[in-house]
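Here is a report on one protein chain, written for a reader who wants cut-offs next to the values. Start with the sequence and structure below.

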Amino acid sequence: YTDAALEFLRQQPKEVPFFLYLALQSPHDPRTAPPDFHALFNPEAIPTPDAFLPEHPFRIGDDRVRDELLAPYPRTPEIVRRHTADYLAMISHDDHQMGRIMSLLKERGLYEKTIIVITGDNGLALGRHGLFGKQNVYDHSVHVPLILAGPGIRRGRRLDALCYLFDIYPTLCDLCGLKVPESVQGLSLVGSLQGKSEHRKALMFAYKNY
């Protein structure tokens with residue numbers, strides 16, 4: 001995927017605006033990072049999560065689906081640490097791929113002109129509360145990274161603003177000076193980025209009937 005993205009960027013005329021959406025499948029399982037990245041993380045040196053449980057205290061409906069079956073019940077600290085190490089290896093490999101993108105942007109003189117967004121679609125439990133996957137509304141599964149950088153975005157600032165991922169689209173429209181279509185339900189984060197307004201006062205999540 002990254003190779004294809006790099007080829008796209010090499011072919012882009014420097015004076016023509018572009019949009020690139022790169023959706024890496026990792027750190028989704030199976031967590032098969034190259035050996036050099038697995039070697040960075042020793043499972044025995046990784047702490048067991050504070051919220052670790054051998055099994056969730058009650059049935060939540062989807063605690064026997066695919067990614068919940070990646071580890072046997074009851075969960076053990078050892079297997080949680082092993083999965084966490086593999087997860088960190090995948091994230092480090094993703095970070096390496098992002099570095100390749102940033103290097104090419106700098107090489108082509110596009111880095112300072114480009115708005116960069118890095119985010120994910122869901123987190124994972126990885127042993128917390130006796131769960132392994134995303135089929136829940138605990139913070140570890142619904143709270144994902146969101147990093148924005150580029151023109152019009154202040155460097156080194158961390159915000160506590162609440163947002164949904166569909167807020168990214170109107171945010172990019174505002175940053176690029178484009179009109180947000182009336183059909184868009186997301187809210188632009190630009191006011192929060194500039195310290196002028198509160199974005200959302202609350203978020204609502206639901207997973208089936210739980």
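In helix α1, the buried residues are T2, A5, L6 and L9. Viewed down the axis of α1, these buried residues fall within an arc of 100 degrees, so they line one face of the helix. The arc is that of the directions from the helix axis to the C-beta atoms. An α-helix has 3.6 residues a turn, so residues three or four places apart point the same way. On the other side of α1, D3, A4 and Q11 are exposed. Buried means under 20% relative accessible area, exposed means over 50%, and partly exposed lies in between (1.4 Å probe, protein chains only).

R10 also lies in helix α1. R10 has a relative accessible area of 48%, so it counts as partly exposed. R10 and R108 are 98 residues apart in sequence, yet their C-alpha atoms are 8.1 Å apart in space.

The model is predicted: local features need pLDDT of at least 70, side-chain atom pairs count only at pLDDT 80 or more, and totals for chains, interfaces and linings use all residues. Residues are numbered from 1 along each chain as its sequence is written, and side-chain values use heavy atoms, with hydrogens and water left out.

## Overall layout

The protein has six helices and two strands. Along the sequence the pattern reads α-α-α-β-α-β-α-α. Helices (H or I, at least four residues) and strands (E, at least two) are DSSP runs, numbered from the N terminus. The C-alpha atoms fill a box of roughly 55 × 40 × 30 Å, taken along the principal axes. Of the 210 residues in the protein, 34% are buried.

## Aromatic rings

A pair of aromatic rings is described by the distance of the centres and the angle of the planes. Here, rings of Phe, Tyr and Trp (its six-membered ring) pair if their centres lie within 6.5 Å; planes under 30 degrees apart count as stacked, over 60 as edge-to-face and the rest as tilted. By this rule the count is three aromatic pairs. F8 and F18 form an edge-to-face pair, with 6.3 Å from centre to centre and 70 degrees between the planes. This pair links distant parts of the chain: F8 sits in helix α1 (residues 2–11), F18 in the loop between α1 and α2 (35–38), 10 residues apart. F8 is partly exposed at 29% relative accessibility, and F18 is partly exposed at 26%.

The rings of Y164 and F166 have centres 5.1 Å apart and planes at 20 degrees, so this pair is stacked. F166 is partly exposed, at 45% relative accessibility. Y164, F166 and F205 form one aromatic cluster.

Which residues place a charge over the ring of Y73? R64 lies over the face of Y73, 3.9 Å from the ring centre. The charged end of R75 also sits over this ring, 3.9 Å from its centre. The rule is that NZ of Lys or CZ of Arg lies within 6 Å of the ring centre and within 35 degrees of the ring normal.

## Backbone exceptions

Most residues other than glycine have a negative phi, and most peptide bonds are trans.

| Cis peptide bond | Omega |
|---|---|
| S26 and P27 | about 10 degrees |
| Y73 and P74 | about -10 degrees |

P27 is in the loop between α1 and α2. P74 is in the loop between α2 and α3 (77–107).

Phi of L126, a residue other than glycine, is positive, near 50 degrees. L126 is in the loop between β1 (116–119) and α4. At 3% relative accessibility, L126 is buried. H129 has a positive phi near 60 degrees. H129, too, is in the loop between β1 and α4.

## The second largest pocket

A pocket is defined on a 1 Å grid over the protein atoms alone, as an open set of points where a 1.4 Å probe fits, with protein on both sides within 12 Å along at least five of seven lines; lining residues have an atom within 4 Å of a point. The second largest pocket holds about 1,000 Å³ of space. Its lining has 29 residues, of which H143, V144, L146, A161 and C163 lie nearest the centre. At least two lining residues come from each of α4 (139–142) and β2 (146–149). The lining of this pocket divides into 17 nonpolar, five polar and seven charged residues. Ala, Val, Leu, Ile, Met, Phe, Trp, Tyr, Cys and Pro count as nonpolar, Asp, Glu, Lys and Arg as charged, and the others, Gly among them, as polar.

Definitions and conventions
Grid points are joined across faces, edges and corners, and a volume is the space filled by probe spheres set on the points.
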